[in-house]
Amino acid sequence: MTTHQEIDLPAFGKTTVPTGLFIDNQWVSSSDTKTFSTVNPATGEHFLDFAHASTDDVDKAVIAARQAFKTSWGMNIASTDRAGLLFKLADLMERDAAKIGALESIDSGKGVRIARDCDVADSIACMRYYAGLADKLHGQTINHFGKEKFVYTLHQPIGVCGQIIPWNYPLMMWAWKVAPAVAAGCCVVIKPSELTPLSALYLCDLVIEAGFPPGVINVVPGLGATTGDAIARHMDIDKVAFTGSVPTGRRIAIAAAESNLKKVTLELGGKSPMLVFDSADVEEAASWVAMGIWFNSGQDCCASSRVYVQEGVYEKFLEALKAKAEACAIGNPAEEATSFGPLISQAQRDKVLTYIESGRTAGARVVTGGQKWPKSGGGFWVEPTILADVSPDMKAVKEEIFGPVIVAAKFRTEDEALELANNTEYGLAAAVFTNDARQATRVTAALDAGTVWCNQYALLHPGVPFGGFKQSGIGRELGTYGLEAYTQVKAVHQNL
Ligand code: NAD
């Protein structure tokens, strides 16, 4: 198949987009001519066909990455030069921000304004953050053995890294993975989700334009069970970094262990609890919680998907949250005003509707929403939905829905609230809303989560580490931890 196709991009008209594999700075088609298709989530119609990377193609990408690591990248280039290339790539992304946003919007269903002003802008910020950190990796000097002997540590790049990312933030996950790896001196073979490969491929032309040497960044679109598995099992990949669901994370960890015991970092799912105490500013808490659950139509690993409210303000909070649900700008992602787009696929929409039905059948009160939108026609929307008066044993309370559905229940005491909040196998994020500073300190310390927000929610920054407790993951991304995750420490003992 050809490596590029023409699409009609809203606001841009006829636009040529890449649909091939990107290996060694070249566009190539798959070695076995297999393809896969994507669907426009806003219409339900077929969108594009992409080349599918076979095991042989993954091999070629790894060979290119290894060659680059040994010659032009890794320890063979000054860290300031790596920084310069990343800054240049960020500048090119900024130049093309409107177009990248439009591509991300049509591919994933998110509103074009959100895609441009949040996803693209945050990805650029991430590139710049790691560009700035590239020359700030320092070791230690340790003097434990007398005057003539000392030890120093080197932070060396791990090598060739496989990276596997999901469909909910296709561009941002690309930036979160590629920027720290490349800044640390690693070369990457990255597989975007088969549902949203477009923005990852578009960036490849910018990688060439920025001047990256061949083989540093390779992109291999394909299905999880074939292309993804080939990455996880590859004997010459030194680390695999994954973002996605818990079951897939488990499979990848097993494949990594069964092959060459490559290093693994996993960013997995969540079922993040919000605790709203009587003393909280209810209106403000409802705004943060609404943003946390309905941003990206609930397809967010740290979606504020469970809310526990103290009995004195429970009904008042539900009223405020209902008003926010009904004010969501639901509609066509190509319009600037739209903030609430469709879910990624029919399968995802059907899964979300099944969870709503299971909650309703088990006795939950549907405060608002609960239906697909619009009542008929293509596209995969589900209305912003609140299921209230839920109990801990309900499926909709225990499992990650990954859609615009929040479950709510009331509590009496702080101990009861913590018991409810921590009663989950996940531990990605949590929040507490209270005006009692001592309570805030106690509760934030007691919540089992990698990120806890107090009187706010879902604010991220490339400099702040992100990752999960319990089954929400292994390791951290972002911040200096995210850079160190692509390095290994060597202790050198000197006797001079
Ligand atoms: P998924 O696990 O189905 O797929 C994620 C990626 O893994 C895709 O690229 C897919 O092709 C690949 N994959 C699937 N099977 C594979 C296999 N056997 N071997 C190797 N790769 C394989 O997840 P998804 O449905 O794309 O994303 C939704 C999930 O991601 C949710 O559970 C969500 O919470 C999680 N997520 C977590 C974070 C985080 O940072 N913690 C961020 C975004 C999404």
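Helix 4 (residues 112–133) and helix 5 (residues 170–184) have axes that come within 9 Å and cross at roughly 10 degrees. Helix 4 is therefore roughly parallel to helix 5, a term for angles under 35 degrees. The model is predicted: local features need pLDDT of at least 70, side-chain atom pairs count only at pLDDT 80 or more, and totals for chains, interfaces and linings use all residues. Residues are numbered from 1 along each chain as its sequence is written.

- Axes are lines fitted to C-alpha atoms, for helices over the stretch in contact, with angles from 0 to 180 degrees between N-to-C directions.
- Helices are DSSP runs (H or I, at least four residues) numbered from the N terminus.
- Helix 4 contributes Asp119, Val120, Asp122, Ser123, Cys126, Met127, Tyr130, Ala131 and Leu133 to the contact, where contact requires C-beta atoms, placed from the backbone, within 7 Å.
- From helix 5, the contact includes Leu171, Met172, Ala175, Trp176, Ala179, Pro180 and Ala183.
- This helix 4–helix 5 contact has 13 nonpolar, one polar and two charged residues; Ala, Val, Leu, Ile, Met, Phe, Trp, Tyr, Cys and Pro count as nonpolar, Asp, Glu, Lys and Arg as charged, and the others, Gly among them, as polar.

**Domain 1 and domain 2**

- The domain assignment (bounds from an automatic or database source) gives domain 1 (4–268 + 478–491) and domain 2 (273–454).
- Their C-alpha centres lie 31 Å apart.
- Domain 1 and domain 2 each give 19 residues to the contact.
- On the side of domain 1 that touches domain 2, helix 3 (97–108) and helix 4 each supply at least two residues, and the largest share, three residues, comes from helix 4.
- That side of domain 1 has eight nonpolar, seven polar and four charged residues.

Notes
Parallel < 35°, antiparallel > 145°, perpendicular 65-115°, else oblique. Contact = placed C-beta atoms within 7 Å.
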